[in-house]
Amino acid sequence: MPNFSSPAWPIASRIFASLVGGYLFTWGLIAITIAGLIPLGVEFHDVEMGMLMLGLLVYLSLFLWGMATDKLIWLWLILFGGGVVMTLLASVVQQSFLQGI
């Protein structure tokens, strides 16, 4: 059983949230942008390449913010909560677009 009162726990939590939560948030952002711009007529590969390039900068920014912030609960809520919401919303947008074809 993990010792949550250990001084290493907040550091490990911050590293995990920054790495995995930042990835999930970036994934959701890319997914929602691609799902939102394709129905507007933008070419898939243009959106994909542009968002993948932007995603690298977003992930780096989120990781650095995760290491710098002193509010762990906000870090978890924004990265994991925002990532899950954007990913689910992208899935809904994509399904509605595919059903409309």
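1. Some ground rules. Residues are numbered from 1 along each chain as its sequence is written, and side-chain values use heavy atoms, with hydrogens and water left out. As this is a predicted model, local features need pLDDT of at least 70 and side-chain atom pairs count only at pLDDT 80 or more, while totals for chains, interfaces and linings use all residues.

2. Helices α2 and α3. Start with α2 (residues 44–68) and α3 (residues 72–100), whose axes come within 10 Å and cross at roughly 160 degrees. That makes α2 roughly antiparallel to α3. The crossing is left-handed. Helices here are DSSP runs of H or I with at least four residues, numbered from the N terminus. Axes are lines fitted to C-alpha atoms over the stretch in contact, with angles from 0 to 180 degrees between N-to-C directions; over 145 degrees counts as roughly antiparallel and under 35 as roughly parallel. Left-handed means that the near helix is turned anticlockwise from the far one by less than a right angle.

3. Where α2 and α3 meet. On the α2 side look for L62, W65 and G66, and on the α3 side for W74, L75, I78 and L79. By class, these contact residues are six nonpolar, one polar and no charged. Contact means heavy atoms within 4.5 Å. Nonpolar covers Ala, Val, Leu, Ile, Met, Phe, Trp, Tyr, Cys and Pro; charged covers Asp, Glu, Lys and Arg; the others, Gly among them, are polar.

4. Helices α1 and α3. The axes of this pair come within 7 Å and cross at roughly 25 degrees, so α1 and α3 are roughly parallel to each other. Here too the crossing is left-handed. Their contact has 22 nonpolar, 10 polar and one charged residues.

5. The core. A17, F25, V58, L62, L75, L79, F80 and M86 form the largest nonpolar core, of eight residues. Such a core is a set of buried Ala, Val, Leu, Ile, Met, Phe, Trp, Tyr and Cys residues joined through side-chain atoms within 4.5 Å. Each of α1 (8–37), α2 and α3 supplies at least two of its residues, and α3 gives the most, with four.

6. Two residues of α2 to click on. Leaving aside neighbours within four places in sequence, L62 touches G22, F25, T26 and L79. G55, also in α2, is buried at 7% relative accessible area (buried is under 20%, with a 1.4 Å probe and protein chains only). With the neighbours within four places again set aside, G55 is in contact with T26 and I30.

Key: Parallel < 35°, antiparallel > 145°, perpendicular 65-115°, else oblique. Buried < 20%, exposed > 50% of the residue type's maximum accessible area, 1.4 Å probe, protein only.
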